[in-house]
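Please open the structure in your viewer and keep the selection panel at hand. The tour moves from one selection to the next and says what is there.

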Amino acid sequence: MGFRFFLKPIFEQKSTMTSPIKIGFLQPYSSLYPYYAEHLLTGFFLGFDRDPFRQNDIQFIPYFTESGSGTKCAEGIKKLIHIDKVDMISGLISYAALPEILPLLESYNKLGFFFDMGENIPHFDYLGDHAFFSSNQLWQSEFALGKWASKQFGSPIGMIMPMYEAGYHLHSSFNQGVSMGSGGNILLKVIDSTKMNPHLVLPAPAIAEMKTGNPSVVHALFSGPSGLQFLNDWHQAGLNKEIPLIVNENMVYDEWLSDVRHLGLELFTASTYDPRNESKENKRFVQKFRAIAGQDTNMYALLGYEGGLVFKELFSFLRKKDFDKVKSLLKTEKVRGPRGERNFYPESGFSIPEIDVLKVKTSNTSIDRLVVESGKGLLYNESIFKDIREATPSGWKNPYMCI
């Protein structure tokens, strides 16, 4: 998939400051994005307006949390605080880990600033004053897709996904969008992994079964190599351009879709970010990341960049290590970044992202995207989301794409 950039110096550089800000970084494993942490932290420093290789204001100290469970995150926080003496905690986490994380942040009076792809709708019985989030809000694009698809294509709507994707709120967010749109029946097919290889998914039989239901449109929810396998099998089945195909946002990231663009695919998706948009904020981000990393931007770099923007605004208090003031300001602070206004405290109401519904067409030489409609997002604490959460009562504990 082309990820060759590795910012090892971020973790190993020695600070020349007497007292740099030490941030513990909870880092789960991802076979799909093996360098997500390097990209995220590169974006953070660029948003913070620092050279990742030369800055000495902030030192990130990683802790490997394996699959990212709450237990491993809690172990990491204790080690980072007691042994590494960090000033605050960050990292890529799942909201499912928060019941074990939040009490520790409160007990040690530590600020937590976390990143997530937005595979689950934020829901906390108790949020507290210590945890803040830079989220991609994938559930928002899924909700917008469902609402649009029900009006555009009617019923029944087919949905195909592996067992892995079924463990998050993505499909249930799409279903709720359908319900709030024109409604309709959902033909659902969940594919189990093979017994010999839990990461190997075989979509072809599910595609054949789905075809017999005569769906008006099919929504595919996949990630990584299984998504590429689905698109190949879909094309092989002769369904490309025959049955409209909707895919989740990450299935059309350039770094993945470029591997199958020769198939001449036609599909639809929704996205909260267009790396090609001409706003000055986005052009600045794209140019800075390409200059330092030698490659195009990605969603992890964007999440880090948005976090860096807000820490840049609060740096005078960070430098004094006045974290009570930082926490107070993070509850209301907003920044304008590459994809518009962003904020970081759910109870203040996450900024609703701008969502574009896209028609995507591929060829041997290009991946073309056309905006066909502006999608509508929702506040995270809308009462209807109780139904979404209850539709996935257990779910996975690991952050999305961390397998």
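Which kind of contact do the side chains of Glu 266 and Lys 359 make? In this predicted model, they meet in a salt bridge, with an N to O distance of 3.9 Å. Select both residues and you will see that the pair links distant parts of the chain, since Glu 266 belongs to strand β10 and Lys 359 to strand β13 (residues 355–362), 93 residues apart. Lys 359 has a relative accessible area of 25% and is therefore partly exposed.

Next, select Arg 276 and Asp 254, which form a salt bridge whose closest N and O atoms are 2.9 Å apart. This pair, too, links distant parts of the chain: Arg 276 sits in the loop between β10 (266–271) and α10 (280–293), whereas Asp 254 is in helix α9 (residues 254–257), 22 residues apart. Arg 276 counts as partly exposed because its relative accessibility is 41%, and Asp 254, at 29%, counts as partly exposed as well.

Now move to Glu 341 and Lys 334, where another salt bridge brings the closest N and O atoms to 3.6 Å. Glu 341 is partly exposed, with a relative accessible area of 35%, and Lys 334 is partly exposed at 46%. A search of the whole structure finds 20 salt bridges.

The next stops concern the backbone. Most residues other than glycine have a negative phi, and most peptide bonds are trans. Select Ser 155 and Pro 156, which are joined by a cis peptide bond with omega at about 0°; Pro 156 is found in the loop between α5 (138–153) and β6 (157–162).

Then select Asp 49, in the loop between α2 (36–47) and β2 (58–64), where phi has a positive value near 65°; with a relative accessible area of 45%, Asp 49 is partly exposed. Lys 321, in the loop between α12 (315–319) and α13 (323–330), also has a positive phi, near 55°, and is partly exposed at 28%.

Finish at Ser 193, which lies in the loop between β7 (186–191) and α7 (204–211) and counts as partly exposed at 25% relative accessibility. If you draw a line from its C-alpha atom to that of Pro 203, ten residues apart along the chain, the separation is 9.8 Å.

Conventions. Residues are numbered from 1 along each chain as its sequence is written. This is a predicted model: local features need pLDDT of at least 70, side-chain atom pairs count only at pLDDT 80 or more; totals for chains, interfaces and linings use all residues. Side-chain values use heavy atoms; hydrogens and water are left out. A salt bridge is a side-chain nitrogen of Lys or Arg within 4 Å of a carboxyl oxygen of Asp or Glu. Helices (H or I, at least four residues) and strands (E, at least two) are DSSP runs, numbered from the N terminus. Buried means under 20% relative accessible area, exposed over 50%, partly exposed in between (1.4 Å probe, protein chains only).
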